[in-house]
Amino acid sequence: MKIDGEDIYMSEFDYFYNNVASHMDCSRDEYFHYFLRYKMKVYDAKRLGLDKNADYERKIKRLEAAILSYDNAGYVDAGKKRNGAIKLLTYRVCQNNDMSGAIAFMNGVCSKLKSGVTLQDICDSYPELTLQVYESSELKYCLGEIRSELQKIQAGGCSSPFVSPEGVNIVLNESNTSFGCSISDFAVDALLASEWDRCRPDDCMKCSDDELEHYFKANKKKYMWELPHYKGAVIHCKNKKTASKIKKKLRKLPVEEWTERLRYLSEEDFRYAAIVEPGLFCIGENEYVDKLVFKCGNYNPKEEYPYTFVIGKCLDYMPGSYEDVYDVLLKDYMQEKENRYFDELERKLRVEKYIDVLKTVNSSGSN
């Protein structure tokens, strides 16, 4: 794909995907969604200037020191010597000659290489052709166009034919490492994505009660419950007479104020002493609600407060407001808001996705 005009190579995607696929079940198509968002966070962090603040600069200095220490310890970064070789097969064609035949021939060679035919066998099969093989074990000695092609393939893979002033070429990565990004590149990108998560735009983070209420009304059926619910409170008191008095005092107040109101009343008059259990109750969650509201099961009266009653309303299967499903609704709404943000960000960053490539390149890099 391309983001903001810059190429993101298959080798980088494969590096991440192969690490993920080694310990969890995730298809390439599924993982592409997460990879794309990760890369957009990196580019958006730069767009928002998060790589210019003092905190980020301190972190990047520590990161650079850690990478230098890592490298000095003997680990190998991109661009340095690897186990194995980089090979370039060139079908030499004069610049003024027609390239179409050479390209068609090299397309056939590419297919053979991917099927397992060795480079030596191919050269031996066409002694009459001007086929040349250039070999190097260090990336820094390779021409720019070879480096560019290497970024598109994995360890053990080969490129599609490409034209240079020398002729038509195929580059083979016979080393043990992909060349798409260095450890430094990966680390810097990870830090930028982390900064984006930490300072993510307000468009992704905040929402008002009005927004949630509107979203709930527009998607009400989605939040229907599988089992009946009761919204109100279970109240345990001394006797039926006290229960009647409590009902009169609480009837016109919102549920959220019942506990505090009863505490105040009991301090003024001990006859109002009671235990209040406010909440949203699903059938099967509270033995008192099951018996008194849903008419099933039994309950054991409390010793000090033997009379139990309920105040509230039965919602059955449909929530009465967004507050009844607040947690799951908030999660859904914020996810939708984030999706809208990234959809808009794709347009701002001029993202070009080549999804068909995922279907033609397998995760082992042999295609």
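Which residue caps the N-terminal end of helix 10? Helix 10 covers residues 240-250, and N239 is the cap, with a side-chain oxygen 3.2 Å from the backbone nitrogen of K241. A polar contact is a pair of N or O atoms within 3.5 Å; within protein, one must be able to donate a hydrogen and the other to accept it, and residues adjacent in sequence count only if both atoms are side-chain atoms.

Before going further, please keep in mind that this is a predicted model, where local features need pLDDT of at least 70, side-chain atom pairs count only at pLDDT 80 or more, and totals for chains, interfaces and linings use all residues. Residues are numbered from 1 along each chain as its sequence is written, and side-chain values use heavy atoms, with hydrogens and water left out.

Let us stay with helix 10 for a moment. Its buried residues are T242, A243, I246 and L250, where buried means under 20% relative accessible area, exposed over 50%, and partly exposed in between (1.4 Å probe, protein chains only). Seen down the helix axis, these buried residues fall within an arc of 100°, so they line one face of helix 10; the arc is that of the directions from the helix axis to the C-beta atoms. An α-helix has 3.6 residues a turn, so residues three or four places apart point the same way. On the other side of helix 10, K240, K241 and K248 are exposed. The cover over the buried residues includes strand 7 (229-237), helix 11 (258-268) and strand 9, with contact meaning heavy atoms within 4.5 Å.

Now step back to the whole protein chain. It has 14 helices and nine strands; helices (H or I, at least four residues) and strands (E, at least two) are DSSP runs, numbered from the N terminus. Of its 367 residues, 40% are buried. Among contacts between residues at least 6 apart in sequence, 74% join residues at least 24 apart.

A nonpolar core is a set of buried Ala, Val, Leu, Ile, Met, Phe, Trp, Tyr and Cys residues joined through side-chain atoms within 4.5 Å. The largest one has 35 residues, of which M1, I3, F13, Y31, F35, M40 and L349 touch the most other members. Helix 1 (10-21), helix 2 (28-47), helix 3 (54-72), helix 7 (183-198) and helix 13 (326-348) each supply at least two residues of this core, and helix 2 gives the most, with nine. Leaving aside neighbours within four places in sequence, L349 is in contact with I3, D4, M40, Y43, D44 and R47. A second, separate core of 18 residues includes V93, A102, V109 and L131.

A buried loop residue also deserves a look. S159 is found between helix 6 (144-150) and strand 5 (162-164), and counts as buried at 2% relative accessibility. Not counting residues up to four places away in sequence, S159 touches C110, E149, I153, I170 and V171.

Finally, consider the backbone. Most residues other than glycine have a negative phi, and most peptide bonds are trans. K295, which is not a glycine, has a positive phi of about 60°. K295 sits in the loop between helix 12 (287-292) and strand 9 (307-316) and counts as exposed at 65% relative accessibility. D316 also has a positive phi, near 55°; D316 is found in strand 9 and is partly exposed, with a relative accessible area of 40%.
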